[in-house]
Amino acid sequence: MTSSVPRLVIAAPSSGSGKTTVATGLMAAFAARGLAVSPHKVGPDYIDPGYHALATGRVGRNLDAYLCGPELVGPLFLHGARGCDIAVVEGVMGLYDGAAGEGELASTAHVAKLLRAPVVLVVDASSQSRSVAALVHGFASWDPEVRVGGVILNKVGSDRHEALLREALESAGVPVLGVLRRVDQVSTPSRHLGLVPVAERRGAAVEAVAAMAEQVRVGCDLEALGALARSAGALSCAAWDAAEVLGSSPPPPLPVPSLGAAAPRPPLRPEGPRPQAPDGLKRVAVAGGAAFTFSYAEHSELLSAAGAEVVVFDPLRDEQLPDGTEGLVIGGGFPEVYASELSANERLRKAVGELALSGAPVAAECAGLLYLCRELDGQPMCGVLDATARMGERLTLGYRDAVALSDSVLAVAGTRMRGHEFHRTVVEPGAGGAPAWGVRAPERRVEGFVERGVHASYLHTHWASEPGVARRFVERCRTS
């Protein structure tokens, strides 16, 4: 099976060059022309896809060759791009920056090659003129398998500046496909973990995306960019499908390495039955709203394919879990920003604690881990875990190789997964008597908590890499 969805990868020499502005603006500009645009983001970032979704009206999806493996990049791309006229893929960091110590793995260049997609290089030209030709030539010639099909000059100061840049680039052999001037209203606010998510600034985000779209429409050659997208090579793989991958048998678990972990405690059974979702589905509540914005779309799709009715709720607003909740997923986000509001919602905190105590499956990642602690920055939380959380002084960021150390609602001990950490908080203690993971990078350590039906950890994982996670979670809803 082959597919030729027109596609572009938007890359840059380094972070801060304007990739998000250009990629989001280009998505919105193409959508304004009546095209169905498929938005994608290289790497594990959760925030940029929110702006992409706002620009296109479609779910923003991640393409991460480290978390999911290179073999899934093409299938996951085609899954997201079903029925679309064009796809725009925003890169991560600099074009050739990948997982630390892993060469090109998970870099924008790596994903562009896996997708057989042309690259558009966004260059911050604010402090250079003729040197831009050397920079572009270097990036275009570094890896002959990466096709840099054009450049967009960002933060250009004047007509004279633009003329100098264009003249210099004539010798580089890479066409200029756009020139963007400095526009204050396109900027988006940031804080300790990057851009402020769309869910926290909906009205302002809509205005920012509209401004990005207008800047790209005026400053870029959309016809030439569309033609470049249509030159992408055919992909000879099938689109990923949640129901299809769950039809296969899970691989046997690998042996658990010795990392000093305590033996896992057996899960407790609930005291009585709870109401079930209609039609035999298991009702799984998924935390959303402004405090919990980090999730991959494939997680809910896998839960649904495994037999769950996924219901989103907002811990900032809803005082109870959805009626009949039989399982709970609390992903990442910014509970540290909303600690007082989350704490004030005492009825919901109590409901979460009661659900966890009953033995129902609860999967918590990062922000979810903080929410389940006794307290966060001195504010009472759900008290499910005998641990406290606080803001720290340094950012913890990076890919991780991990192995499950305890049987849990997500995996049997010995299951290997790759994950990502991204937080500026500290949980004390960092692991329970039955740790969730043994982590190998950057240092060997144990991390997270497995208690009753709870699996709580700082580690963000992508369940497409291990679909049995979703199946096991829903099966636990059936038996708990």
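Q: What makes strand 16 and strand 17 a pair in this predicted model?
A: Two strands pair if DSSP finds at least two bridges between them. Twelve bridges join strand 16 (residues 388–404) to strand 17 (residues 416–428). The two therefore count as paired. They run antiparallel. Asp401, for one, stands opposite Arg418 in strand 17.

Q: Why is strand 22 called a partner of strand 17, and in which sense do they pair?
A: The pairing rule asks for at least two bridges. Strand 17 and strand 22 (residues 460–461) have two, so they pair. The sense is antiparallel. Gly419 has Thr461 in strand 22 as its bridge partner.

Q: Why is Glu421 called buried?
A: Buried means under 20% relative accessible area. Glu421, which lies in strand 17, has 3%. Glu421 is therefore buried.

Q: What makes the approach of Glu421 to Arg445 a polar contact?
A: The limit for a pair of N or O atoms is 3.5 Å, with one able to donate a hydrogen and the other to accept it. The side chains of Glu421 and Arg445 make such a contact at 2.3 Å.

Q: Which residues does Glu421 touch, not counting those up to four places away in sequence?
A: They are Thr396, Leu397, Gly398, Arg400, Arg445, Tyr458 and Leu459. Touching here means heavy atoms within 4.5 Å.

Q: How do you know on which side or sides of helix 6 its buried residues lie?
A: In helix 6 (residues 159–169), the buried residues are His161, Glu162, Leu165, Ala168 and Leu169. They cover an arc of only 130° around the axis, so they lie on the same side of helix 6. The face turned away from that side carries exposed Asp159, Arg160 and Glu167.

Q: What covers the buried residues of helix 6?
A: The cover includes helix 5 (131–142), strand 6 (148–156) and strand 7 (176–181).

Q: What makes strand 1 mostly covered?
A: Strand 1 spans residues 7–11, and five of its five residues are buried. Arg7, Val9 and Ala11 point one way, Leu8 and Ile10 the other way, and all are buried.

Q: How do you know which strands pair with strand 1?
A: Strand 4 (residues 86–90) pairs with strand 1 over four bridges, in the parallel sense. Leu8 has Val88 as its bridge partner there. Strand 5 (residues 119–124) pairs with strand 1 over three bridges, again in the parallel sense. Ala11 stands opposite Leu121 in strand 5.

Notes. Residues are numbered from 1 along each chain as its sequence is written. This is a predicted model: local features need pLDDT of at least 70, side-chain atom pairs count only at pLDDT 80 or more; totals for chains, interfaces and linings use all residues. Side-chain values use heavy atoms; hydrogens and water are left out. Buried means under 20% relative accessible area, exposed over 50%, partly exposed in between (1.4 Å probe, protein chains only). The arc is that of the directions from the helix axis to the C-beta atoms.
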